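Subject: Structure handover

Hello,

Here is the structure I promised to pass on. Please open it and keep it beside this email as you read.

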Amino acid sequence: MKKIDMIVKAPYFFTMCGEGVGFRNSVSMLVDGGKILGFIPNSEVDKEYKAFKELNLNNHAIFPGFIDAHMHTKDNIFRGLAQDTKNWMMYGLQPFQNAADEKSRQAGSKIAMIEAIKAGTTTFGDFNEQMDENCYFIEKLGVRGNIAQLIRSAKSKVYKVGELYEFDKEKGEASLVENIKLYNKWHNKADGRIRILFGPQGADFLDLDLLLKVRQVAIERKTKIHMHVQQGDRETYQITKRYGKRPTNLLEDIGYLDNNLIAVHLTDCTDEETRVIAKHGAGMIVNPASIGIIDGIVCPSVEFQKAGGNVALGSDQAPGNNCHNIIHEMKNVCLFNKIKFQDPEVMPAWKALRMATIEGAKAIGIDDIVGSLEEGKQADFIAVNLNVPSMLPVYNYPMRNIVPNLVYSARGSEVDFSVVNGNIVMENRKLVNIDEDSYIEGINKFSDDIGKKAAAEFFDINGTNNKFMKEEKL
């Protein structure tokens with residue numbers, strides 16, 4: 001009898017192998033050394049294998065862990081402060097960003113990560129400034145990180161509509177140096193769970209020399225660039241005014257559109273521009289809820305897929321989206337595209353699930369290790385409880401309804417277990433490597449201070465939410 005680390009027994013496995021969801025039943029999954037050894041019929045497993053840990057999940061379906069490919073977890077401290085307003089970045093978020101310090105942002109980040117794990121996320125595509133502490137927390141949680149540090153030349157201030165950003169070359173160069181330091185310290189660390197990317201905020205926020213330098217640095221280090229691309233008409237305006245061409249045209253001209261690029265949003269891309277980016281081999285991350293709330297736009301992920309590109313899902317940030325929950329994003333990417341195309345078949349639930357798993361992994365360049373449950377890949381998986389109202393009843397014939405129920409009905413609380421690299425990070429909905437309550441307690445102590453510091457600028461802007469306050473609508 002062979003001894004291994006873990007045997008996972010459950011009635012349903014959705015491996016995401018092949019072109020669909022890779023459904024398997026009447027089997028057990030074998031895990032050893034942090035990797036998946038494969039599957040074996042239930043009738044044979046106990047005869048051939050003995051495990052140090054046996055997960056008997058009789059009421060569960062097993063899926064690959066979800067990938068949240070684009071997050072700004074530090075902005076979680078501003079949850080709910082910038083929705084329902086135009087000029088979201090400058091008039092909604094910026095007054096509060098200007099009022100926060102690193103301590104408060106880190107506190108918010110930790111709450112965001114806890115929230116995401118409890119909804120099935122095992123890979124975090126986090127992106128912000130000063131990401132060293134985020135890497136430490138990811139290492140502590142036991143999850144996987146695909147981390148980018150923000151690189152930016154534009155001065156941080158509230159810009160008026162139509163005002164060109166002011167560049168500070170020294171600031172830009174310093175931010176690149178910080179990203180390189182983060183790479184040197186954390187890339188492939190934490191048992192290989194952390195990879196470091198390079199994070200130019202967007203083509204509009206960097207001077208052209210720095211944008212090109214970032215690309216060269218990333219290529220030399222054999223890692224990827226994680227960047228907002230054509231993120232709304234604001235970016236299009238900035239690039240057109242500065243260079244006389246649209247962002248996609250500029251990026252194509254300078255050689256930025258290749259498989260080193262992970263392009264986020266594409267909010268203001270035409271269908272033709274979307275096809276250009278996809279055909280050059282870049283990956284895409286779509287954030288349906290965030291861009292829906294911020295801009296009222298459905299980003300062109302369907303067009304990107306039609307052109308042969310891979311698309312991942314992201315939750316973005318809580319002052320826009322309001323949550324870090326990939327099940328929420330799966331539902332929204334389906335609903336929004338059905339409405340956009342007036343076609344209920346355009347984005348089925350199974351396709352959204354692939355975007356949260358294997359297609360997402362391909363889009364961000366980690367499908368060599370995760371995204372599907374197959375021999376040789378890291379054992380990153382979650383167990384979804386089917387014996388709860390949101391997942392009941394369960395049908396298997398003439399069709400299975402588990403995937404539609406996961407995408408359209410689940411809320412995240414159905415996820416009971418999360419495993420990364422073969423190690424349990426959440427068991428019976430409790431995170432095992434931290435005392436989550438200790439992070440949740442006291443988060444509200446930052447609210448009063450940030451609110452007081454942001455008030456003058458908030459009132460001076462006199463945006464939609466200030467008017468809502470005056471009218472007692474909030």
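Below are the findings, by topic.

First, the ground rules. This is a predicted model, in which local features need pLDDT of at least 70 and side-chain atom pairs count only at pLDDT 80 or more, while totals for chains, interfaces and linings use all residues. Residues are numbered from 1 along each chain as its sequence is written, and side-chain values use heavy atoms, with hydrogens and water left out.

**A helix pair**

Two packed helices are described by the angle between their axes and the distance between the axes. Here, helix α3 (residues 102-117) packs against helix α4 (residues 132-141) at about 35 degrees, and their axes are 11 Å apart. Axes are lines fitted to C-alpha atoms, for helices over the stretch in contact, and angles run from 0 to 180 degrees between N-to-C directions. Helices (H or I, at least four residues) and strands (E, at least two) are DSSP runs, numbered from the N terminus. Contact means heavy atoms within 4.5 Å. On the α3 side, Gln106, Ser109, Lys110, Met113 and Ile117 make the contact.

**The nonpolar core**

A nonpolar core is a set of buried Ala, Val, Leu, Ile, Met, Phe, Trp, Tyr and Cys residues joined through side-chain atoms within 4.5 Å. Buried means under 20% relative accessible area, exposed over 50%, partly exposed in between (1.4 Å probe, protein chains only). The largest core has 112 residues. Phe63, Met330 and Leu406 touch the most other members. Among the partners of Phe63 are Phe14, Leu353, Leu373 and Val403.

**Cysteines**

The structure holds 0 disulfides, a disulfide being a pair of cysteine sulfur atoms within 2.5 Å. Cys323 is in no disulfide, and its nearest cysteine sulfur, that of Cys334, is 15 Å away. Cys323 counts as buried, at 13% relative accessibility. Cys135 is buried too, at 0%.

**Two loop residues**

Is Ser315 buried or exposed? Ser315 counts as buried, at 0% relative accessibility. Ser315 lies in the loop between β15 (311-313) and α12 (326-341). Leaving aside neighbours within four places in sequence, its contacts include Asp68, His70, Asn287 and Cys323.

Lys118 sits in the loop between α3 and β9 (121-128). Lys118 counts as buried, at 17% relative accessibility. With neighbours within four places again left aside, Lys118 is in contact with Gly412, Val415, Met426, Arg429, Leu431 and Glu436.

Best wishes
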